[in-house]
Structures are given as structure tokens and as C-alpha cells.
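The sequence and structure come first.

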Amino acid sequence: MSTDEETDMIRETVAKFVDRELIPLEPHYLKSKLPGSDHPELTSEQKQRLRTVSKDLGLWGLDAPEDLGGHDLPTRTMAAVHEELGRTCVPFVLPPDSPNLRMLQAVGTEAQKRKYMQPYIEGRMVSAIAISEPGAGGDPAAMKTRAMLDGDRWVLNGRKIWISNARAADFIIVMARVGSDARQGGITSFIVEKGTPGFVIEREIPMLGGGSTYEIVFEDCRIPADSVLGEIGKGYAPMQLRLRTRRLEMGSTCIGIARRALDMLCEHARQRETFGVKLADRQAIQWWIADISTRMHACRLMVRDTADKTDRGEDVRHEASMIKVFATEMAYEACDHAMQTLGALGMTLELPLNALWQKARLMRMYEGPSEVHRQSIARRVLGLRG
């Protein structure tokens with residue numbers, strides 16, 4: 001079977017899963033986000049059904065190594081998967097979370113892969129990653145969390161913020177500095193398990209779109225010597241690998257968001273009349289439709305090109321930054337135009353459009369804001385260092 005045939009087959013399976021299982025849950029999810037609501041995002045029964053159905057469809061471990069029970073699908077195929085998942089506002093991730101999987105796969109020891117990666121692929125473990133710090137963001141030069149070796153234990157001290165999934169995670173990959181080197185020097189990855197003394201979830205931070213991130217503190221948090229993920233002082237490169245994987249995922253997700261927004265825009269425009277004229281016949285609406293369609297096509301080609309380069313082992317930092325900027329801004333504008341077309345209906349919290357718009361807005365900031373990526377793109381084109 002060719003890659004294109006395999007991609008089409010997987011895409012169709014995921015698309016049916018989204019249409020039959022996720023989209024019907026949107027009214028429940030949206031109700032949970034209304035002010036004063038005490039409804040859970042998804043009930044335990046709904047979550048279990050999604051896990052059971054997706055597993056029965058063979059949608060777990062899609063890009064995980066075959067020798068660990070995965071399907072080892074190419075990046076282009078995974079892009080199609082994330083595009084389809086992007087069409088819904090219901091938060092469901094097919095196990096495992098690929099960016100952290102990539103870090104474990106790239107630099108994990110055999111013992112770490114057995115202990116963490118295998119159950120991670122099988123959906124028995126959940127992970128998070130802690131990079132950003134208060135007042136520093138993701139700037140490696142300003143990272144203050146430290147790790148010191150004390151006998152046969154590493155001792156972590158510091159504070160991390162904007163950590164997604166921290167409360168649910170069975171283990172967290174923590175970036176900390178060993179020694180006094182500046183900028184990227186000394187940055188090391190550590191695996192910290194839930195329940196480790198000195199690992200404190202200090203507060204939950206409500207975010208736009210109804211989600212949450214967390215601020216966590218390490219107070220003399222003692223972890224085993226073999227908790228180092230990769231080499232001491234060389235944690236920056238694997239972290240970048242993880243970020244590039246996420247940025248490519250986000251590009252695909254944004255195409256899905258834009259597709260859903262365009263579908264809602266077109267459906268409304270065909271039906272709604274203003275002053276005796278269908279919205280679909282008005283030039284302003286037609287130009288929005290043309291622009292969204294064109295940008296979606298361009299973004300899909302960008303993602304496919306970068307996916308193929310990734311599978312060939314090429315450095316895609318430049319392309320990943322361009323995708324991150326282009327895709328997130330495209331999805332945001334697509335949702336904004338759809339909301340404008342729907343008028344007052346587009347302003348309600350009862351439609352998934354508002355939730356998708358908020359999701360797109362968040363992604364313009366997550367994994368590096370557009371302004372930072374634009375600077376990185378320009379510096380590479382100019383041939384400047386750093």
C-alpha cells in the first residue's frame with residue numbers, strides 16, 4: 001500500500017470517528033463551558049467510550065515504534081489524523097501524545113522506554129512537560145530551575161508555569177539547568193513521577209477556551225539518578241524536537257479548524273438572506289470563502305512538505321516556524337470571518353465556532369508566539385546567528 005493510500009484510509013477512519021463520536025458530544029461539552037455550569041467537560045462514561053471505540057478502530061499508537069506495539073505511521077499520515085481531529089472542539093487526544101513520545105524515543109534509555117514509553121503508547125500513562133517559568137517564558141537564558149546531584153539523587157528546585165495536563169499526568173518531563181552555563185548550556189531533561197515528595201502543584205490557572213494550565217513548584221524534590229532523560233547538559237535539542245513535532249501537529253489541527261469554520265460559514269451563507277439577497281451572493285462573503293480556501297490549500301501543502309522532510313531526517317526548524325505562524329493566524333481569521341457571517345448567532349456560546357475561535361487564539365501563543373517565530377524566520381533568512 002502506498003503512503004497516499006494509507007493516508008486516505010486512516011483519514012477516513014478518523015473522520016468517521018470524529019463525525020460519529022466527537023461532534024455529537026459538542027453540545028454537552030459547550031454546556032460545560034457556560035458561566036456557572038457545574039457539568040464536567042465529558043463524563044467518565046463518555047471518556048471511556050471514546051477510548052474504547054478509538055482503540056477498537058486501531059487508532060492508538062499511530063506513530064509509535066512497531067517494536068513497542070505502534071503502527072509507525074509517516075508524519076504525512078499523522079498530519080491527516082490531526083487535521084480531522086481539529087474539526088471538533090471536543091478535547092480528545094488519541095494515545096499517546098506524540099511530542100513527548102518523540103523525546104522519549106529519541107533519548108530515552110531502554111529502561112526508561114520500558115517503564116514509561118511502553119505504557120504511554122498503550123494508553124496506561126499520561127505525561128506533561130514543564131519548560132516555561134514565571135517571568136522567563138521559554139527563554140533558556142532565563143531558566144532558573146536547578147538540578148544538583150546529591151549522592152545517588154538529583155535535587156530539583158524551581159518553579160514552572162503554563163503546564164498543560166499537570167494534574168492528570170503520571171510523569172512530567174522537567175527542563176532544569178545543571179551547573180552555571182548560560183543560555184542553552186547545562187539544560188537537562190528529567191522525568192519526575194506524580195507523587196514525588198517536593199513536587200507541588202501550586203495552582204490551577206483557568207485559560208481562554210475553558211481549559212487550564214498549572215503552576216508547579218519543586219522544593220528539594222529528590223529523584224533517582226537515572227531520572228535524567230538524555231544526556232546531562234544536552235536537553236535543549238530533544239526539547240526542540242518535541243516543539244517541532246507539536247508545531248507540525250498544530251499546523252494540521254488549524255487546517256481542521258478552518259475547514260469546520262468554512263463549512264459553517266458556507267452553510268449559513270447559502271440559507272441567510274439580507275435585504276433580499278443571499279449572503280452567498282455577496283462579494284464580501286465570497287472573497288472570505290476564496291481567501292480561506294486558498295490559505296487552507298497553501299497550509300496543507302506546507303505541512304505535507306515539512307512532514308516529508310521530517311521523515312527524511314531533515315532539519316525543519318525553519319519550516320515549522322513558518323507553519324506555526326501561518327496556520328494559527330489562518331485558523332483564527334477563518335473563525336473570525338465565519339463568526340462575522342453568522343452575525344449574532346456567531347457570537348453565541350452554543351455553537352462550536354466560538355470554542356474553535358478561542359482554540360485558534362490560544363495556539364497563536366502556545367509553543368512560541370507568532371512574533372518570536374517571525375523573528376527566528378527572518379534571522380535565518382538573513383543568515384544571522386542565534
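Tyr116, Tyr120 and Phe171 form a cluster linked by ring pairs. Rings of Phe, Tyr and Trp (its six-membered ring) pair if their centres lie within 6.5 Å; planes under 30 degrees apart count as stacked, over 60 as edge-to-face and the rest as tilted. This is a predicted model: local features need pLDDT of at least 70, side-chain atom pairs count only at pLDDT 80 or more, and totals for chains, interfaces and linings use all residues. Residues are numbered from 1 along each chain as its sequence is written, and side-chain values use heavy atoms, without hydrogens and water.

The count by the ring rule is six aromatic pairs. One of them joins Tyr116 and Phe171: the centres are 5.0 Å apart and the planes stand at 55 degrees, so this pair is tilted. It links distant parts of the chain, 55 residues apart. Tyr116 is in helix α6 and Phe171 in strand β4. Both are buried (under 20% relative accessible area; exposed is over 50%, partly exposed in between; 1.4 Å probe, protein chains only).

Asp97 lies in the loop between α4 and α5. Asp97 is buried, with a relative accessible area of 18%.

| Element | Residues |
|---|---|
| α4 | 75–85 |
| α5 | 98–107 |
| α6 | 110–121 |
| β4 | 171–177 |

Technical notes:
Helices (H or I, at least four residues) and strands (E, at least two) are DSSP runs, numbered from the N terminus.
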